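Here are my notes on this one, point by point. Have the model open while you read.

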There are 2 protein chains.
Amino acid sequence: MSNLGIGQLAKRAGVAIDTVRYYERNDLLSPAGRLASGYRRYGEAELKRLRFIRRAKALGFTLADIRGLLTLSDERSVARIKQAAEVKLADVDRRIEELERIREGLRTLVKACPGHGRAESCPILNALNAEDAP
Amino acid sequence: MSNLGIGQLAKRAGVAIDTVRYYERNDLLSPAGRLASGYRRYGEAELKRLRFIRRAKALGFTLADIRGLLTLSDERSVARIKQAAEVKLADVDRRIEELERIREGLRTLVKACPGHGRAESCPILNALNAEDAP
DNA sequence: CTTGACTCTGGACCACGGTCCAGACTTTAG
DNA sequence: CTAAAGTCTGGACCGTGGTCCAGAGTCAAG
């Protein structure tokens, strides 16, 4: 079941070859075996695992998170998988809130700025130059 | 008007000394002058500028953005300042949307997962292991 | 004058997630 | 058999925004 070279694997999973080797260096994905020449060989399990990594990244997990998820999924510990997802969800919530605060700040400034006139009357510059906090 | 050493400047602006020097290396902030010893001296203008940088960063501008803003504010070109803020606002919008998509994905999975049982019944693992796209 | 606090420089190092390179070797298609 | 395409290794490098270090020199208070 080791029918794929690193190039085919990478192509099927939609990542770069170097990325596959990078994941190997970082203990996320090992080849199923090696040819006598040293060429890596991969099977379906590795392809699934690589796609797992891609999807988890798309969900906002870092590679360190994913390493954890892969370990947990090996251990078949559903409760901890769910917990990890909840932690990440809270993290994503926090990042969204922060960006929303930033967005409101920008919106206020953009709305208040007439887009012409003297610099002293530009609320964006004035806000950035304000004497008081943030 | 060059009454501050780098330590006082950093403290008043709420940044680290190394950060001030880093900004100098990256053409964001120069000292008003130097003592014969080479010690940097800063005045009120530099303190304002450093606080400007801090606030703009809090609004999600990168240092490269801020370099641009500082140039524009020197040029007193209000229209371009407003435009820069609009561009950044669109960028923040885009980042929020992306995170919201991620959040919905996570929410769906967390809701669907009972938190116990066999790994095969964990929708989180199943989604990450799915055969089809993404 | 001494002591402690401050500052100087240049360069190394951190996380993050890769990307790219040279030089050698191997596999595959024709 | 040959040539092209693929792969190997180890290490350097990218951008972002800093942080830390050593070793030397300087400033301010007592």
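The points below cover the model's basis, a helix pair, salt bridges and aromatic pairs.

1. First, the ground rules. This is a predicted model, where local features need pLDDT of at least 70, side-chain atom pairs count only at pLDDT 80 or more, and totals for chains, interfaces and linings use all residues. Residues are numbered from 1 along each chain as its sequence is written, chains are lettered from A and ligands numbered from 1 in the order in which they are written, and side-chain values use heavy atoms, with hydrogens and water left out.

2. The axes of helix 5 (residues 78-112) of chain A and helix 5 (residues 78-112) of chain B come within 9 Å and cross at roughly 160°. Axes here are lines fitted to C-alpha atoms, for helices over the stretch in contact, with angles running from 0 to 180 degrees between N-to-C directions. Helices (H or I, at least four residues) and strands (E, at least two) are DSSP runs, numbered from the N terminus.

3. By class, the contact of helix 5 of chain A with helix 5 of chain B has 16 nonpolar, no polar and 16 charged residues. Nonpolar covers Ala, Val, Leu, Ile, Met, Phe, Trp, Tyr, Cys and Pro; charged covers Asp, Glu, Lys and Arg; the others, Gly among them, count as polar.

4. On to charges: there are 20 salt bridges over all chains, each a side-chain nitrogen of Lys or Arg within 4 Å of a carboxyl oxygen of Asp or Glu. In chain A, A:Glu24 and A:Arg34 pair up at 3.3 Å, N to O. That pair links distant parts of the chain, with A:Glu24 in helix 2 (residues 17-25) of chain A and A:Arg34 in strand 1 (residues 33-34) of chain A, 10 residues apart. A:Glu24 counts as buried at 19% relative accessibility, while A:Arg34 is partly exposed at 47%. Buried means under 20% relative accessible area, exposed over 50%, partly exposed in between (1.4 Å probe, protein chains only).

5. In chain B, take a look at B:Glu24, whose salt bridge goes to B:Arg40 (2.7 Å, N to O). Here B:Glu24 in helix 2 of chain B is joined to B:Arg40 in strand 2 (residues 40-41) of chain B, 16 residues apart. B:Glu24 is buried, at 19% relative accessibility.

6. A local pair for contrast: B:Asp18 and B:Arg21 form a salt bridge at 3.5 Å, N to O. Both sit in helix 2 (residues 17-25) of chain B, and being three residues apart they are separated by about one helical turn. B:Asp18 is exposed at 54%, and B:Arg21 partly exposed at 32%.

7. Last, the rings. The whole structure has two aromatic pairs over all chains. A:Tyr22 and A:Tyr23 have ring centres 6.1 Å apart and planes at 50°, so the pair is tilted. Rings of Phe, Tyr and Trp (its six-membered ring) pair if their centres lie within 6.5 Å; planes under 30 degrees apart count as stacked, over 60 as edge-to-face and the rest as tilted. A:Tyr22 is partly exposed at 37%, but A:Tyr23 is buried at 5%.
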